[in-house]
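The sequence and structure are shown first.

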Amino acid sequence: MPTVKFIEHNGTEHVIEGEVGDSLMSLATGNLVPGIDADCGGECSCATCHCIVDDAWMEKAGKPSETEESMLDLNPDRESNSRLSCQIPLTEELDGIVVQLPEFQY
Amino acid sequence: MSEAVIEKLDLTTADPWSVPLDKINVSDPALFETDTHWGYFERLRKEDPVHYCEESLFGPYWSITKFNDIMQVDKAHHIFSSEDGITLPDRPLDFRTPNFISMDPPKHDVQRKAVTNAVAPLNLAKLEPIIRERAGKILDNLPIGEEFNWVDLVSVELTTQMLATLFDFPFEERRKLTYWSDMATSGELAGGPTPEPVRRAALLECLEVFTGLWNERVNNDPSEDIDLISMMAHNPDTQNMEPMEYLGNLILLIVGGNDTTRNSLSGGVYFLNEFPDEYDKLRANPGLIPKMVPEIIRFQTPLAYMRRTAMEDTVVGGKTIKEGDKVAMWYVSGNRDEEVIDRPNEFIIDRANPRHHLSFGFGIHRCMGNRLAEMQLRIVWEEILSRFETVEVVGEPVRVLSSFVKGYSELPVIVHAKQ
Ligand code: HEM
Ligand code: FES
């Protein structure tokens, strides 16, 4: 099974195994990784599952949809490799992906 | 009384389950004043979840009543516009106060981003000690063992002080903020008691006072900005706003942060009294406060709905909504949708997923102040629990005559000190 490494703002690392198709958001909340709020439950409509994807993985993670783009854009802490973790489904190709969690969710 | 009035169907006393569906008008403000809307929404969720009402004070409109349909509409800002207003009454053409809650992208995004920083988590952390100190003072001055109106002495006072802090508004004149907020939302065009000329005069006074503050601050050093007015005055995206647009954004921030938080503060006290086992749970474990706060906000639903206008023909829940139609997303109904929320009519302070509610909306207009509101409520409840054994509700609340702002004008209580 593919794994994801979540790195909290304070540096704490969590390596989580998941099934193909699980979103990174559901892996984090399902395994009590702090730092993802996910108020809307994965509907791409709250932006409280913001994460920063390690540069090396940006391309494999795909491009944000228009809806995700409009939500991300409202976050003043957005970085060039910011994504909403509920919009990244796990694939075999993403095995080992590294994402940073921001200090705060809005 | 004229005969027309006598003949009119009074929904507040009718049986929600036998009124003909097409006569149901959930936007009737009296339903909220009398707390009799629940049965109508329950019926609509079961029998006609996307409901067309032909005749109302605000003209014809659609009601969306189920959680998932509301989510669908709120997300689809490219189909459902906010530009014609976010409440059902049509706004007077000669007195428009534009602001970003009633704008679509791209303008919405630009303006929202210009003020978001004021409520960014780091700024909130800076505000926390001030809010705690002010909340503590208010609570310390309450009469013990004597009946008083919680809304006035606590809810209004606290949220007004909060707003004064956010704007760095002259502290002694802070009740003006409450007054303007009340005027903004109680207009007769929205079915409220305030005559339109009185409302306009109050809002123009608001503009005048805030223009004064703007002028005092515009030449200050922008790096020191912590208040919202200075931020707007110095941000290139907002510094050239027209006066009516400045007023619009002020009203948005004043109303956004005022009524909503105020009524959640009152609601929480009321709910804990209605569900005394939950109050016991809370006393035994104050660590539940962060989970209780979103549950209070769900249960209260301080804004009963948001309105949109369809920009094209579209289908929701099997019904075709036509271009130009008004659509109300009834958060107050979706928050009680048993298909999404377990035991929705119970106030449960330790739910697994308490933030999964509609009270802040979703999508690009999702409440900008949602973390601020939660923080205020958390602090106040921490301070209440450390001081009082019980805040006891000793009479029925008086509710506001509005189908938009869902709230209380009176909540009689007695506070009992800790042993
Ligand atoms: C419990 C308290 C509150 C509730 C229930 C609430 C509710 C809402 C709702 C329902 C919306 C519209 C969402 C949508 O259309 O999808 C909204 C938007 C907004 N709220 Fe709040 N609010 C609260 C507190 C606050 C506070 C404290 C502020 C102060 C900064 C605030 C500022 C705003 C602003 C600026 C918007 C417009 C956002 C936009 O259009 O992008 N709110 N709020
Ligand atoms: S969980 Fe809400 S946007 Fe991802």
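Which residues are the closest of those that surround ligand 1? They are His108(B), Arg112(B), Arg308(B), His365(B) and Cys367(B), in a shell of 27 residues, a residue being counted if one of its heavy atoms lies within 4 Å of the ligand. This is a predicted model, in which local features need pLDDT of at least 70 and side-chain atom pairs pLDDT 80 or more, whereas totals for chains, interfaces and linings use all residues. Residues are numbered from 1 along each chain as written, chains are lettered from A and ligands numbered from 1 in written order, and side-chain values use heavy atoms, without hydrogens and water.

**Ligand shell**

By class, the shell around ligand 1 holds 14 nonpolar, ten polar and three charged residues. At least two residues each come from α5 (107–116), α11 (243–274), β5 (305–310) and α15 (370–387) of chain B; α11(B) gives the most, with six. The table lists polar contacts (pairs of N or O atoms within 3.5 Å).

| Residue | Residue atom | Distance to an oxygen atom of ligand 1 |
|---|---|---|
| Arg112(B) | polar side-chain atom | 2.7 Å |
| Tyr331(B) | polar side-chain atom | 3.3 Å |
| Ile364(B) | backbone N or O atom | 3.5 Å |

**Lys406(B)**

Lys406(B) belongs to the loop between β10 (398–399) and β11 (408–410) of chain B. Lys406(B) is buried and has no salt bridge; Asp35(B), the nearest side chain of opposite charge, is 5.5 Å away. Buried means under 20% relative accessible area (1.4 Å probe, protein chains only), and a salt bridge requires a side-chain nitrogen of Lys or Arg within 4 Å of a carboxyl oxygen of Asp or Glu. Beyond four places in sequence, Lys406(B) has contacts (heavy atoms within 4.5 Å) with residues including Phe32(B), His37(B), Trp38(B) and Asn263(B).

How values were computed. Helix = DSSP H or I, 4+ residues; strand = E, 2+ residues; numbered from the N terminus. Buried < 20%, exposed > 50% of the residue type's maximum accessible area, 1.4 Å probe, protein only. Lys, Arg positive; Asp, Glu negative; His and termini not counted. Polar contact = N/O pair within 3.5 Å; in protein donor to acceptor, adjacent residues only side chain to side chain. Nonpolar A, V, L, I, M, F, W, Y, C, P; charged D, E, K, R; others polar.
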